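Q: Could we go through this model together? I would like to start with the ligand and then move on to other parts of the chain.

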Amino acid sequence: MKKVITYGTFDLFHDGHYRILERAKSLGDYLIVGVTTEHFDRQRGKLNQVDDIMTRIENVRKTGFADQIIVEDHDGQKIEDIQKYGVETFVLGNDWEGRFDYLKQYCNVVYLERTPNISSTFLREDRIRMLRLGIVGTGRIARRFFAETKYVSGVEAVAAYNPQKESLDEFCSSFSLMPFSDEYDKFLQNIDLVYVASPNQTHADYVRRALEAGKHVLCEKPMTFTYDEAVELYDLADKNDTVLMEGIRAAYLPGFQQLLTVATNGTIGDVCDIEACFTRIGDPGTPEMSDARYGGAFLEYGSYTLLPIFKIMGLDYEDFTIDSILGDNGIDRFTKVNFRYKNGLATSKTGAGVKSEGQLVIAGTKGYIIAQSPWWLIRGFDVRYEDAERVDHYEAGFVGRDGFRYEIAEFLGKINKTGGHDYKLTSQESIAMARVVEKFMETRKRQQGF
Ligand code: C2G
């Protein structure tokens, strides 16, 4: 029997998919079709799928060409499948020409001509309106963010806002955006959604005004400095039927989702302790290194270190304490937050102008998870046990440099209601973080003698 294999996402099943399956089948007498999981697609940078995997499998089945349908969920699986199923011919469309030539040592590799003028991307864009994005703040992070918007379909950055004209003009002329240096309301009229990346102390006000104008908002962390304000903003978003999301990038990366699964599925037993550390020695002039009111270690990095703690241990802690060491300029140079839960402990450690091992360690009764720096841009982690010889390594890469595209895709998924239920970073978790931020601000103020 001559076995042929082909793979794909097969999202919004269309004629191009039908035709490749038809031709693949005719190259042999038994066709195996590998349908990708959402997790695998996210790792390889396909972020906007509409159909879930069962729908995609069903659509392949309905063509009648597939004798066997399998699921593709990891890199390197093609080599395994070819050997496991005794495949003679591997088929893919010629948009992949050359990319799978390394499989020639196992079987024939055939690239068939792609059906012109049809693709899942066209169909997706047809279904969803192109959304206009405005960026508030034009500093370092906004630049990195802008670059990643190009990789998410359905959104286009069109305008930027910054009261500081010089920075604004430079940003807008490099990226061909409409500049707005005053008249925030007018800026809002030209867009559908906002990314707020201005200085920390300005976040909440920009967010509120955008929500009031009915715009969807993605805001850099920390979104607010107080619990009440966080509640108020999420309520406002609800009331106006808009999406509000705090931009804690780590939450949206595929590797972080995998880490959460392994931390909670019994692999390491009961979780007893979490230690999350993020430190950086930045440039002396940057706000995080010099702004005693709104900069410093915890405000800059604390959202990251609180994230795994709240995701894994939950929000029902019994108590928490905060301790900081201040630098000469008044910023918190190093801050430790200790949580006590009924059956566990957790520590967040952040440093600005201090360097420590930036790792995430999750201790359990059967073993522990260790994710090395930069675990907030996670690409993999280890599980270790009492038996030091035994180490399970998990790889969960992502495409792009900064992980922004996963956050943007999540934001769009929520707006277009294609992203499913909100679970990666819930409003309750974001509000719980604001409570810690509020207490931190009070503690630091007392310590600074303000
Ligand atoms: N295809 C085609 N004509 C089109 C569109 C797609 O022939 N107009 C083919 C693709 O070349 C691919 C198959 O249909 O062979 C599935 O396409 P996608 O669903 O886009 O999946 P893809 O990302 O190409 O998956 O492991 C996954 C594979 O490596 C590729």
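Q: How far is an oxygen atom of the ligand from an N or O atom in the side chain of H17?
A: The model is a predicted one, and in it the distance from a ligand oxygen to an N or O atom of the H17 side chain is 3.3 Å.

Q: How much of the ligand's accessible area does the protein cover?
A: The protein covers 95% of the 620 Å² of accessible area that the ligand has on its own.

Q: Which elements give two or more residues to the shell around the ligand?
A: Those elements are β1 (3-8), α1 (15-26) and β4 (89-93). The largest share comes from α1, with three residues.

Q: How many residues surround the ligand, and which are the closest?
A: There are 21 residues around the ligand, and E72, K78, D95, T115 and I118 are the closest. By type, the shell divides into seven nonpolar, eight polar and six charged residues.

Q: What about K78 and the ligand?
A: A polar atom in the side chain of K78 is 2.7 Å from a ligand oxygen. The K78 side chain also makes a polar contact of 2.9 Å with the side chain of E72.

Q: Where is E72 found?
A: E72 is in strand β3, residues 68-72.

Q: Is E72 buried or exposed?
A: E72 counts as buried because its relative accessibility is 2%, and the cut-off for buried is under 20%.

Q: Which residues does E72 touch, not counting those up to four places away in sequence?
A: E72 touches Y7, V35, T36, T37, F40, Q77 and K78.

Q: What is phi of F10?
A: Phi of F10 is near 55 degrees, a positive value in a residue other than glycine. Most residues other than glycine have a negative phi.

Q: Where else is there a positive phi in a residue that is not a glycine?
A: D241 has a positive phi of about 55 degrees and is not a glycine. D241 sits in the loop between α10 and β11 (244-247). At 61% relative accessibility, D241 counts as exposed.

Q: Which peptide bonds are cis?
A: The bond from K221 to P222 is cis, with omega near -10 degrees, and so is the bond from S373 to P374, with omega near -5 degrees. P222 lies in the loop between β10 (216-220) and α10 (227-239), whereas P374 lies in the loop between β17 and β18.

Q: And W375, where does it lie?
A: W375 lies in the loop between β17 (367-371) and β18 (380-385). W375 is buried, at 1% relative accessibility.

Q: What is W375 in contact with, leaving aside its neighbours within four places in sequence?
A: W375 is in contact with A276, C277, Y304, T305, P308, G358, Q359 and L360.

Q: Changing topic, which residues touch the most other members of the largest nonpolar core?
A: They are I135, L259, I274, F310, F339, I362 and I369, in a core of 84 residues. Helix α13 (residues 297-313) gives the largest share of this core, 11 residues.

Q: What is F310 in contact with, beyond its neighbours within four places in sequence?
A: The contacts of F310 are L315, Y317, F339, Y341, E429, A432, M433 and V436. There is also a second, separate core of 27 residues, which includes Y161, L188, A204 and L233.

Q: How many residues of helix α9 are buried?
A: Seven of the 10 residues in α9 (residues 203-212) are buried, namely H203, A204, Y206, V207, R208, A210 and L211. G214, with a positive phi near 80 degrees, follows α9.

Q: Last one: where is N162, and what does its side chain do?
A: N162 is in the loop between β7 (155-161) and α7 (165-175), and a polar atom of its side chain lies 2.9 Å from the backbone nitrogen of Q164. N162 is buried, with a relative accessible area of 10%.

Technical notes:
Residues numbered from 1 in each chain as written. Predicted model: local features only at pLDDT ≥ 70, side-chain atom pairs only at ≥ 80, totals over all residues. Heavy atoms only, no water. Near = heavy atom within 4 Å. Polar contact = N/O pair within 3.5 Å; in protein donor to acceptor, adjacent residues only side chain to side chain. Areas by Shrake-Rupley, 256 points an atom, 1.4 Å probe, with all protein chains shown as cover. Helix = DSSP H or I, 4+ residues; strand = E, 2+ residues; numbered from the N terminus. Nonpolar A, V, L, I, M, F, W, Y, C, P; charged D, E, K, R; others polar. Buried < 20%, exposed > 50% of the residue type's maximum accessible area, 1.4 Å probe, protein only. Contact = heavy atoms within 4.5 Å. Core = buried A, V, L, I, M, F, W, Y, C linked by side-chain atoms within 4.5 Å.
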